[in-house]
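Colleague: Please take one part of this model and go through it closely, starting from the chain it belongs to and ending with what surrounds it. Give the cut-offs as you go.

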Amino acid sequence: MAATLPILPGILAWGAAFGAAAVAVGLRPAGAVTMSAVAWSGTAQAAALSLLSQPPGAIFLSSVLVSLRFVPMGLALAGLLPSTGRWRRVLLACCLADATFAIVAAGRVRTPAAIFGTWLAQYPAWVAGTALGALGAPLLPARLLGASEGLVAVIFAVLVVEACTDRRQAGVAALGAAGAATAMLALPGTLALPIAAVLASAVGMAVRR
Amino acid sequence: MSTAHLLVVTATVAAGVLLCKALPAALLGARLDPRLARFLGLLPAATLAALVVVSTAGAGSGRLRWEVLAAVVVAAALAAATRHGLLAMLSGWAVLAAELLLLG
């Protein structure tokens with residue numbers, strides 16, 4: 001759980017941003033907290049806020065599309081935890097969030113128990129942040145809520161450096177970043193991410209030297 | 001919004017998220033082909049780097065946030081130069097805080 005400490009402020013702020021946004025579109029604070037407690041995905045929840053009046057099928061499709069970034073993360077778990085059985089890996093994949101994956105990929109935690117520990121630390125922070133934002137939205141400075149994604153981006157930047165242990169990985173990371181930036185010119189980030197990550201890894205595997 | 005509607009929305013969102021999280025892990029067996037294992041070994045760095053770009057741009061904003069980019073560059077450069085993660089994170093956050101205070 002200690003590995004999670006640096007990312008908790010960002011998660012708390014991002015949760016507060018979601019809680020404030022949920023109340024602004026008409027959800028009761030208890031509803032916003034319920035959504036965070038059950039769905040536990042900021043991006044999918046934020047997307048759902050703009051689709052509240054749509055049929056469940058549209059909300060499900062939106063949720064899948066914005067969660068596609070978890071596909072390469074779930075696949076990568078097999079490489080990161082080679083001796084862990086399939087169904088245990090499935091359970092751990094359900095505990096994945098962007099920040100959890102970043103910590104695991106950077107090598108800060110490498111055991112199933114430690115990964116579960118990161119979830120144990122993040123989950124209450126996310127739910128508490130939502131409650132804070134939903135109840136205290138009028139009192140919280142808008143600039144603080146707007147900065148939440150920036151806090152998390154800085155953490156990811158440090159962790160990607162830690163994850164690159166050799167030249168090939170550094171090259172693949174640079175390619176992944178360039179690919180995501182290029183793809184985002186035409187696609188939303190949530191689609192650009194898995195496409196860029198998979199293509200960059202495939203190129204990295206194909207290059208012999 | 002009724003409680004029943006909220007519960008349906010919440011369950012639907014959770015189902016979409018869990019499908020994307022669990023399915024890839026469920027499809028891969030315990031013994032991996034060496035080529036697949038090599039590919040999966042490269043995937044974390046590529047995914048993380050793409051995640052940095054997406055979170056720097058901001059979900060759905062569609063524009064580059066220069067203030068976040070500056071903080072990200074400072075943090076990454078310090079992490080690479082010093083290999084001291086916490087110092088790099090704190091420096092990046094300090095850049096972000098300074099920009100918020102000075103630029104609004």
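Modeller: Helices (H or I, at least four residues) and strands (E, at least two) are taken as DSSP runs and numbered from the N terminus. On that basis chain A has twelve helices and zero strands. Residues are numbered from 1 along each chain as its sequence is written, while chains are lettered from A and ligands numbered from 1 in the order in which they are written. This is a predicted model, in which local features need pLDDT of at least 70 and side-chain atom pairs count only at pLDDT 80 or more, whereas totals for chains, interfaces and linings use all residues. The model scores ipTM 0.81 and pTM 0.74.

The part I take is helix H5 of chain A, residues 70-80. First, the chain around it. The radius of gyration of chain A, taken over C-alpha atoms, is 18 Å, close to the 17 Å from the globule rule for 209 residues, so chain A is as compact as a globular protein of that length. The rule itself is 2.2 Å times the number of residues to the power 0.38. The C-alpha trace of chain A spans about 55 × 40 × 35 Å along its principal axes. Two residues are in contact if their C-beta atoms, placed from the backbone, lie within 7 Å. Of the contacts in chain A with a separation of 6 or more, 70% are between residues 24 or more positions apart.

Burial needs its own cut-offs: a residue is buried if 20 or more other C-beta atoms lie within 10 Å of its own, exposed if 12 or fewer, and partly exposed in between, again with C-beta atoms placed from the backbone. Buried residues make up 56% of the 209 residues in chain A. In helix H5 of chain A, eleven of the eleven residues are buried, so the helix is largely enclosed by the rest of the structure. Among them are A:Phe70, A:Val71, A:Pro72, A:Met73, A:Gly74 and A:Leu80.

Leaving out residues up to four places away in sequence, A:Leu77 touches A:Arg89, A:Leu92, A:Ala93 and B:Ala25. The C-alpha atoms of A:Leu77 and A:Val127, which are 50 residues apart along the chain, are separated by 25 Å.

Buried residues make up 43% of the 104 residues in chain B. Among contacts in chain B between residues at least 6 apart in sequence, 25% join residues at least 24 apart.

The contact between the chains takes 83 residues from chain A and 62 residues from chain B. On the chain A side, the largest share, 15 residues, comes from helix H10 (residues 148-163). By class, that side has 59 nonpolar, 18 polar and six charged residues; here Ala, Val, Leu, Ile, Met, Phe, Trp, Tyr, Cys and Pro count as nonpolar, Asp, Glu, Lys and Arg as charged, and the others, Gly among them, as polar.

A nonpolar core is a set of buried Ala, Val, Leu, Ile, Met, Phe, Trp, Tyr and Cys residues joined through C-beta atoms within 7 Å. The largest one has 112 residues, and those with the most contacts inside it are A:Val154, A:Val160 and B:Leu48. Helix H2 of chain B gives the most to this core, with 14 residues. Not counting residues up to four places away in sequence, A:Val154 touches B:Ala71, B:Val72, B:Ala75, B:Met89, B:Gly92, B:Trp93 and B:Leu96.
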